[in-house]
Amino acid sequence: MEIAFRNYSHYSMIICGGLCFLIVGMIGDYILDKESNILKAIVLIMFFGSLTITTLELFTGIIVNMLMGLDVWDYTSMKYNVYGQICLGYTSIWALLSLLCVFVANTIKAFIFEKINRP
């Protein structure tokens with residue numbers, strides 16, 4: 001996604017993004033298993049997904065940008081940022097991305113397990 005919008009990425013984003021994908025996918029599965037109200041499930045997935053992604057982005061930013069000095073991203077010019085590593089605008093985007101993440105993760109799992117369970 002980052003390559004599509006910025007035409008480049010950094011290896012740290014592969015690690016952080018992959019970890020986000022796995023964790024948000026697991027959170028989504030848990031919520032979908034426990035919550036029968038689909039609207040409530042969607043809201044919970046968006047909330048906990050964006051919280052998870054934003055938290056991982058903050059920790060990755062502190063390590064990669066602040067401690068290692070690699071300057072992979074900088075949100076200091078955006079409103080409501082924390083240390084220039086996270087901001088409210090991207091947290092909102094992560095909420096929407098969380099839904100897509102859960103859908104893709106479940107689609108991949110269904111495809112893999114369908115292939116494994118075939119005679």
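The model is predicted, so local features need pLDDT of at least 70 and side-chain atom pairs count only at pLDDT 80 or more, while totals for chains, interfaces and linings use all residues. Residues are numbered from 1 along each chain as its sequence is written, and side-chain values use heavy atoms, with hydrogens and water left out.

The overall plan comes next. The protein has four helices and two strands, where helices (H or I, at least four residues) and strands (E, at least two) are DSSP runs numbered from the N terminus. Read from the N terminus, the order of these elements is α-α-α-β-β-α. Along the principal axes, the C-alpha atoms occupy a box of roughly 50 × 30 × 25 Å. Of the 119 residues in the protein, 32% are buried. A contact means heavy atoms within 4.5 Å; among the contacts with a separation of 6 or more, 59% are between residues 24 or more positions apart.

Asp29 belongs to helix 2, which covers residues 11–34. This helix of 24 residues spans 35 Å from its first C-alpha to its last, close to the 34 Å expected at 1.5 Å a residue; the expected span is 1.5 Å times one less than the number of residues. Its buried residues include Met13, Cys16, Cys20, Val24 and Asp29.

Which residue meets the side chain of Asp29 in a salt bridge? The partner is Lys109, with an N to O distance of 2.0 Å. A salt bridge is a side-chain nitrogen of Lys or Arg within 4 Å of a carboxyl oxygen of Asp or Glu. Side chains of opposite charge can pair when their charged atoms come close. Lys109 is partly exposed, because its relative accessible area is 33%. The count of salt bridges comes to two. Glu35 and Lys40 also form a salt bridge, and their closest N and O atoms are 3.7 Å apart. Lys40, at 45% relative accessibility, is partly exposed.

A disulfide is a covalent bond between the sulfur atoms of two cysteines, and here it is identified as a pair of cysteine sulfur atoms within 2.5 Å. The search of the whole structure finds zero disulfides. Cys16 is in none, and its nearest cysteine sulfur, that of Cys20, is 4.1 Å away. Cys16 is buried, at 9% relative accessibility. For Cys87, the closest cysteine sulfur is that of Cys16, at 14 Å, which is too far for a bond. Cys87 is buried as well, with a relative accessible area of 2%.

A pair of aromatic rings is described by the distance of the centres and the angle of the planes. Rings of Phe, Tyr and Trp (its six-membered ring) pair if their centres lie within 6.5 Å; planes under 30 degrees apart count as stacked, over 60 as edge-to-face and the rest as tilted. There are four aromatic pairs. One of them joins Trp73 and Tyr75 in a tilted arrangement, 6.5 Å centre to centre with 40° between the planes. Both Trp73 and Tyr75 are buried. Tyr75 also pairs with Tyr90: the centres are 4.7 Å apart and the planes stand at 15°, so this pair is stacked. Tyr90 is partly exposed, at 28% relative accessibility. Trp73, Tyr75, Tyr90 and Trp94 form one aromatic cluster.

Trp73 and Tyr75 are also among the contacts of Gln85, together with residues including Leu58 and Ile62. Gln85 lies in the loop between strand 1 (81–82) and strand 2 (86–87). Is Gln85 buried or exposed? Gln85 is buried, because its relative accessible area is 4%. The side chains of Gln85 and Asn65 are joined by a polar contact of 2.6 Å. A polar contact is a pair of N or O atoms within 3.5 Å; within protein, one must be able to donate a hydrogen and the other to accept it, and residues adjacent in sequence count only if both atoms are side-chain atoms.

Technical notes
Buried means under 20% relative accessible area, exposed over 50%, partly exposed in between (1.4 Å probe, protein chains only). Lists of a residue's contacts leave out its neighbours within four places in sequence.
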